[in-house]
Amino acid sequence: MAEAFLRYGDAVTICPGDAGGDNTGVPDFDAPDCRTVSMAEIDPQGRMVWVKTALMLDRIEDGKGAPLAVFISAKMSSEVYLNGTYIGRNGLPGYGKTDEAPGVMDAVFHAPQSLFRTGRNDIVLRLSSHHGYLGLSHPIHRVAIGPAGPPMAPFLRHYWPSLITFGAFVVGGLYFGITAIRGRDRGNALMLCLMSLFAAGQLLTEVSRGLVPYLYPFHDIRLILIVLFSMGFGVCVAGHALGKFMARPSREHTPVMLLGLGLAVVSVAGILQPDGFDQKAAAAMLMPILTCVPVLVFWTLKRRQGALRHLLAFMAFILITLSFPDHFLDTVFFYSVAAFLAFLFAEQALAFAREEDRRRHGEARANKLEMALEQARARTDVPQITINGAGKIDRVPADQITDCHGVGGYVEIRLADGRSLLHSASLAELEESLPATFLRVHRSHLVNTAYVRTLEREPTGTGRLMLASGISVPVSRRVMPKVRLALK
């Protein structure tokens, strides 16, 4: 296909906006107030200018290929002439804010195909930019001739691989947001939630140029949002690291905290220094993360659990980001963010697992202590169980009952002396009157743990208890873990 691009180093001729004598007359570019500059030096911000350049086409497909068009991607309103013929405008250039109508950031100008020539194609532009909020060092991004199509398509092709990571950012934000609301390690979960949402917001803001044909003033808002999202991500990463390892600050942490505070001040100053917004976004994100590196080195030397892993992950993320400066806000950046978040998610999942293990062990110790106390109370104060049999009532010490077997609305109660008594009640009702030394091991069986001799696990996952009386009692698969824990 025939294509031609104006590069930043290419020479162009630029004239003041009033050089044409009126709003429509193309100026004489040989006038004294016109000068030759590079494409990178064109700056219509706060003024109106005329620009003349030439694009060289090696060939034209003569109707066999896609029709050609002129593409302008810039923070400005524009009017375009191709080989001496007016072909259209994007917004309306003006001498001031009231005269100008803002154009879209990325525009395509369709022209009769007879206007395009093999070889030199002269392009004249009338440009102005009065509605922006920021002064950009390079407000013009693209001037080109190429096959007609949506002007945002190149940007969407550039960014769409990054969208694969968007789902991971959203899922991470939702998961850790719910975790923070439910109160599990709320501070770190909240930081991880915000990290994910900031990364998702930055990705959507980046890709928006390929999705929405927005007016050029929004481009400044887009750049500001990208920097803020980058800063938010970096601050949350630093906050997560500090919150994870400094839950209980002590005197020995004071020098490290002062160092981190000093680096944070330097970070803010570093964000203000770069001219380009890609560099500002990089500094906004990397500076807070860099402040954590000496802190992580300190905790690594103190052999704090997990500090070395975090230090290596932080260093890898920083090195990857710095190794691809031209692709900072492209696929490499978002995939490295996704990998970095995956590491932090895995670390937090391990922390949750350790917390759950500690909770289960604590409950197990509490249950064992409660059972031991109950057994001690049972030895000193043995309760008497009233058994309603067929036509008579018996009172039996609870410590003489080995196990109980529920059948329909009756319970067979077996005693240590070998006798069996029939009790007119349900197994659930009887369970309420028995001490805690009795354990429900099956929907129809209760056993006195004092008479248990062995527990055997069967291939199906169920179990079987052997009692001192020689009786075998089944154990259901669902309560096997609880039975094993109670008998330890």
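Student: How many disulfides does a search of the whole structure find?

Tutor: This is a predicted model, in which local features need pLDDT of at least 70 and side-chain atom pairs count only at pLDDT 80 or more, while totals for chains, interfaces and linings use all residues. Residues are numbered from 1 along each chain as its sequence is written, and side-chain values use heavy atoms, with hydrogens and water left out. With a disulfide taken as a pair of cysteine sulfur atoms within 2.5 Å, the search of the whole structure gives a count of 1.

Student: Is the disulfide of cysteine 15 and cysteine 34 right-handed or left-handed?

Tutor: The two sulfur atoms of cysteine 15 and cysteine 34 are 1.8 Å apart. Because the torsion about their S-S bond is about 115°, the disulfide is right-handed.

Student: How many residues apart in sequence are the parts that this pair ties together?

Tutor: Strands (E) are DSSP runs of at least two residues, numbered from the N terminus. Cysteine 15 lies in strand E2 (residues 11-16), whereas cysteine 34 lies in the loop between E2 and strand E3 (35-38), so the parts tied together are separated in sequence by 19 residues.

Student: Is cysteine 193, which is in no disulfide, buried or exposed?

Tutor: The nearest cysteine sulfur to cysteine 193 belongs to cysteine 236, 9.0 Å away. Buried means under 20% relative accessible area, exposed over 50%, and partly exposed in between (1.4 Å probe, protein chains only). Because its relative accessible area is 8%, cysteine 193 is buried.

Student: Which strand holds leucine 439?

Tutor: Leucine 439 is buried, at 8% relative accessible area. The strand, which covers residues 438-442, is E16.

Key: Helices (H or I, at least four residues) and strands (E, at least two) are DSSP runs, numbered from the N terminus.
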